[in-house]
Amino acid sequence: MKPLSSDTPPEIEQMLIEGYRKMSASEKLRIMQDLNRTAQLLALSDIRQRYPDADEREVKLRLASRWIEPELMRKAFGWDPVVEGY
């Protein structure tokens with residue numbers, strides 16, 4: 001099997017894979033939800049730092065524009081990430 005990461009020793013990688021295989025689907029889902037929430041919190045922190053005067057609507061639009069295609073952002077929210085920024 002090809003290594004998943006060049007900086008992780010194969011025996012450690014195998015331990016990780018075995019650990020993931022032992023997890024239930026709900027445990028894996030919880031981990032993914034936690035990772036997604038962490039990514040959102042980091043993005044929100046970046047947005048608030050870059051746009052300190054932005055109101056909550058603008059912050060939410062900027063956050064959404066990082067995950068939603070620009071065309072859909074324009075159609076659904078009237079927000080053009082190309083013009084307004086992310």
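This section describes the nonpolar core, the charged pairs and selected residues of a predicted model.

The largest nonpolar core consists of six residues: Ala 43, Leu 44, Ile 47, Ala 54, Val 59 and Leu 63. Two elements, α2 (25-50) and α3 (56-64), each give two or more residues to this core. Helix α2 gives the most, with three residues. In soluble globular proteins, nonpolar side chains tend to be buried together. Beyond its neighbours within four places in sequence, Val 59 is in contact with Leu 44, Ile 47, Arg 48 and Ala 54.

The aromatic residues were examined next. Zero aromatic pairs occur in the structure. A charge does sit over a ring, however: the charged end of Arg 62 lies over the ring of Tyr 51, 3.5 Å from its centre. Arg 62 also takes part in a contact through its backbone. The backbone oxygen of Arg 62 is 2.8 Å from a polar atom of the Ser 65 side chain.

Ser 65 belongs to the loop between α3 and α4. Its relative accessible area is 2%, so Ser 65 is buried, the cut-off being under 20%. Residues within four places in sequence aside, Ser 65 is in contact with Met 73, Trp 79, Pro 81, Gly 85 and Tyr 86.

Tyr 86 lies in the segment after α5 (81-84). Tyr 86 is partly exposed, with a relative accessible area of 39%. Not counting residues up to four places away in sequence, Tyr 86 touches Tyr 51, Arg 62, Ser 65, Arg 66, Pro 70 and Pro 81. This list includes Tyr 51 and Arg 62, the two residues of the charge-over-ring arrangement. It also includes Ser 65, whose side chain meets the backbone oxygen of Arg 62. Leu 29 lies elsewhere. The C-alpha atoms of Tyr 86 and Leu 29 are separated by 28 Å, and the two residues are 57 apart along the chain.

Charged pairs were then considered. Side chains of opposite charge can pair when their charged atoms come close. The structure holds eight salt bridges. Two of them, described here, fall within helix α2. One joins the side chains of Arg 30 and Asp 34, with N and O 3.5 Å apart. Both residues lie in α2, four residues apart, which is about one turn of the helix. Arg 30 is partly exposed at 44% relative accessible area. Asp 34 is also partly exposed, at 42%.

A further salt bridge links Arg 50 with Asp 46, whose closest N and O atoms are 2.9 Å apart. Here too both residues lie in α2, four residues apart, or about one helical turn. Arg 50 has a relative accessible area of 55% and is therefore exposed, the cut-off being over 50%. Asp 46 has a value of 21% and counts as partly exposed.

Helix α4 (residues 70-77) supplies another example. The side chains of Glu 71 and Arg 74 form a salt bridge, N to O 2.9 Å. Glu 71 and Arg 74 are three residues apart in α4, so about one helical turn separates them. Glu 71 is partly exposed, with a relative accessibility of 40%. Arg 74 is partly exposed as well, at 32%. This pair is part of a network: salt bridges that share partners join Glu 71, Arg 74, Lys 75 and Asp 80.

Met 32 is found in α2. Its relative accessibility is 45%, and Met 32 counts as partly exposed. Met 32 and Lys 22 are 10 residues apart in sequence, and their C-alpha atoms are 16 Å apart in space. Gln 33 likewise lies in α2. Gln 33 is partly exposed, at 46% relative accessibility. From Gln 33 to Asp 80 the C-alpha separation is 28 Å, across 47 residues of sequence. Asp 80 is one of the members of the salt-bridge network with Glu 71, Arg 74 and Lys 75.

Definitions and conventions:
Residues numbered from 1 in each chain as written. Predicted model: local features only at pLDDT ≥ 70, side-chain atom pairs only at ≥ 80, totals over all residues. Heavy atoms only, no water. Phe/Tyr/Trp six-rings, centres within 6.5 Å; stacked < 30°, edge-to-face > 60°. Lys NZ or Arg CZ within 6 Å of the ring centre and 35° of its normal. Core = buried A, V, L, I, M, F, W, Y, C linked by side-chain atoms within 4.5 Å. Buried < 20%, exposed > 50% of the residue type's maximum accessible area, 1.4 Å probe, protein only. Contact = heavy atoms within 4.5 Å. Salt bridge = Lys/Arg side-chain N within 4 Å of Asp/Glu carboxyl O. Polar contact = N/O pair within 3.5 Å; in protein donor to acceptor, adjacent residues only side chain to side chain.
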